[in-house]
Amino acid sequence: MKDETTYDEVARLEALRQYQILDTEPEEAYDNIAKLAAFICDAPIVLVNFIDKDRQWFKAKIGIDFTEVPRTVGLSYLCYKARDVAIVSDTHADEELAKNPVVTDYPYVRFYAGFPLMTPKGDLVGTLCVLDRVPRELNQSQIEALKALSRQVISQLELRRNLTEVCHFADELQLTQEKLAHSENLLRTIVQSEPECVKLLANDGTLLEMNPAGLAMIEADSLKQVVGKCIYPLIAREYRQEFIDLTNEVFLGKSGILEFELIGLKQKRRWLETNAVPLRSPDGDIISLLAVTRDITARKQAEQERQRLLEREKIARERSEVAQREAEAARNQSIKILESITDAFFALDKDWRFIYVNRQAERFLQSKREELLAQSVWEKFSEAVGATFYQQYHKAVAQQVSVSFEAFYPPRNTWFEVHAYPTSVGLSVYFQDITQRKYAEIALRESEERWQLALRGNNDGIWDWNIKTNEVFFSPRWKEMLGYEDSEVSNYLDEWRKRIHPDDLERVMEVIKDHFAKKTPYYISEHRIQCKDGSYKWILDRGQALWDDVGNVLRMVGSHTDITERKLAEEELKHQNRRSQLFAEITLKIRQSLQIEEILQTAVTEVQKLLKADRVLVFRLWTDGSGTVMQEAVLPGFPIVLGKNLHDPCFGKDYQEPYRHGRVSAIADIETANIQDCHRQFLAQFGVKSNLVVPILQRENLWGLLIAHQCDRPRNWSSLEIELLQQLADQIGIALSQAHLLEQETHQWEELVRSNAELEQFAYVASHDLQEPLRMVTSYLQLLERRYKDKLDTQAHEFIAYAVDGAHRMQKLIQDLLSYSRVSTRGQPFQLVQCQSLIKSALTNLKIAIEESGAVITQDSLPEIMADPTQLTQLFQNLIANAIKFRSEQTPLIHIGVERIEERWRFAVRDNGIGMEPQYAERIFIIFQRLHTRDKYPGTGIGLAICKKIVERHGGNIWVESQPEQGTTFFFTIPDRAGNRL
């Protein structure tokens, strides 16, 4: 394809990437589009082609072997350049096109029709291509149909993209819910309703959780029977180690899929396929294995049966090869004789492949021996399929009798006298050219025999219309297709005309008229014809007219093909596509909001459009049996019930119970329905002629009802409409649950924020007000010591020293507590700061401690970041001081490193100190928590808590990695808001 663009190539490629369609597995929807395009155009090659940067990739293909070609190859550039339909009737007629590789070589394209795949924003992402190896034309109906199919491809892409966005939205929502304190109930509800097995495992295989579908798979009567127990013994021994290895890989952060055999608690064996992923905590730690498992027993049994059949075939083939070797010696002796005879001779195996051809046969068949050997006679000479050769050869093989016949072979324009003899390996055929003798004798009979052969061998109905007399020959098969005996249909045109569906007759006659006028090369029509029992069948009617020398139509011969099943399948496919599309659109609109009122309003509005109902409402049920109309969508002219409190006198409290168990009420006509009169009167006051009611379940509770009313006439609700309304009610229930959870979590979060603010203010006030009394206590104790120094004994001096030291420690504790509270309340605005200068300030503050300990401090080249400079200096200072304090006997070596991961800077403060047990990695960040006594390592236990609060204020995380006697590394992250500058 020529590299020519008339619009933004970057935007076009980005549009293609958004669909995530490239290199995906084949999908039935796209394959069906390709098949329909091939059928509409009767074309051997059809491609659903997406144009990537350097290649053309085929999502669906008919008639070719490969799945992609370079972008520079092919004819799609014609469509790409014009950004419109491009049709080339004969590529050989254009000097440039005739040199294209796909024209000069496989697949030898002579005809090309390309229909652009344009996104809603106008980006051309690919083409729907129809190719043929012979020149041809498309009529306008075919062009319009292909345009519609190209739009259908875009609709499928848009549906894929919309579903991806829905999934992305659902993922984000799920992540938020996992961080909320009460999301476990929602997750459990979803898991319990999942039709496939969902389970949580510990890293030793212990079962932590499993839904009912999983319990059924392992034949457990209840969760209590298996929870807390290892499930490895349930895995068949030959797959147990693979399952254990998968579990270990998941706890290393990987995902995996495994097929294995499971033996249930009641000894039933099942084949299962499990998809396992790590389940992480909000901090990113892997807490368990999450697996979704489905039963693939039926598929495995089919695969095993197929393998057994293949093995049987292999054994049969091996036995055949032995027999062939035994016959080889005899065959070599026969070859010399066969090469010397004057008759042409060839031998076929049981699969109709040539295994020997003598020189005389090469001459008659006009093919070299090397070209024939191992080739099927019916593929090499396909014109003979269905002819006398075909019939007689099959007769000889099937009945194991020799046959002799005379037959004409049109491709060679030759008559042959044939003698065929069945053998243990297939068939031996001797033949001679008897053309000269047969020409005179069979000239007249030839046409009749072909005609009779066509009638016998064709499953279609055949007709032959004499235009001048209006007499029509209808074959027995033609009549049989419509349910008639041969004698029940006369040979006149009206027998056909009167059976055509009234809605199709005018169109069919117009198609015949166009063919008679030579506007179309053939007569082709799809229409309905009435059968004997009054039903209609879809028929593909094809024919060819014959004209005399002056252009008058003399005769038309054609066939009827029953295409009813294909038509029904096409109609069902349209229904399914429309249903899926509408359901996805409505579900997306419902799930896009978490406001209950907006959810309900969207639901009734979209359902009314979908069902074309006169009224759709959401009815909230109360415990006393009454209810309130929460939302309503109603056509003008019908009563409005929005906001009304309604109570049907026919129903008590018990009527809610069936709805709680999923009952659906569909009344086609309230006048004739088997319902109580009081219920009929209740519905009549709102103008209801027909109604459909499905329950809205919030978790396991009946929240209300989703109701559709038809007020202008009775209406039969189809199973499709009922099922769709049930699915939408389920989506509403899920959305209501999510909205309720969000409302609860929002309230709890606001309460937590308020509580934290009050606690921080209390800590600040308390620590500030306590400092003055402590200073006074310390001052008076020191004054007492100086004034009465000579009058106090040693014990009194010791007591005073204890009191002064305690006051100093209390004052330090209060100062640290005051610093802790000020992290959130007295922080400075973030500004662009150079980490290098902050480290320098921290080292200056720690100068004495560094000199006394002899610590060696190194650092990487540090970036500029957006931060509170005072707090970040305190963060570095606390971590460095911590490394100096908890040093070992070695010279303290402290290194400050940094690396950029995604959109964050990850800092590391690493030392060679005493280290600690990993089990205390979280405890040390809790305020007042210490791992050592004060006499060994002084401090208040607040320093690391301050560090954690500073990091979290900056939007990051802090954690520690350490082992005893192996040093410690503190990691913390800061978002890169400064543009990644080092």
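Let's start at a turn: strand 22 and strand 23 make a hairpin with five residues between them, and glycine 625 in that turn has a positive phi of about 95°. Strands here are DSSP runs of E, at least two residues long, and helices are runs of H or I, at least four residues long, both numbered from the N terminus. Keep in mind that this is a predicted model, where local features need pLDDT of at least 70 and side-chain atom pairs count only at pLDDT 80 or more, while totals for chains, interfaces and linings use all residues. Residues are numbered from 1 along each chain as its sequence is written, and side-chain values use heavy atoms, leaving out hydrogens and water.

Strand 22 (residues 615-621) pairs with strand 23 in the antiparallel sense over seven bridges; two strands count as paired if DSSP finds at least two bridges between them. Valine 616 has alanine 633 of strand 23 as its bridge partner. Strand 23 also pairs with strand 24 (residues 645-646), again antiparallel, over two bridges, with threonine 628 partnered by asparagine 645. Six of the eight residues of strand 23 (residues 627-634) are buried, so this strand is largely enclosed by the rest of the structure. Buried means under 20% relative accessible area, exposed over 50%, and partly exposed in between, with a 1.4 Å probe and protein chains only.

Six strands form an open, antiparallel sheet in the order 3-2-1-6-5-4. Strand 3 (68-70) and strand 4 (86-88) are the edges, each pairing on one side only. Strand 1 (residues 45-51) and strand 2 (residues 55-62) run antiparallel, joined by six bridges, and isoleucine 51 stands opposite glutamine 56 in strand 2.
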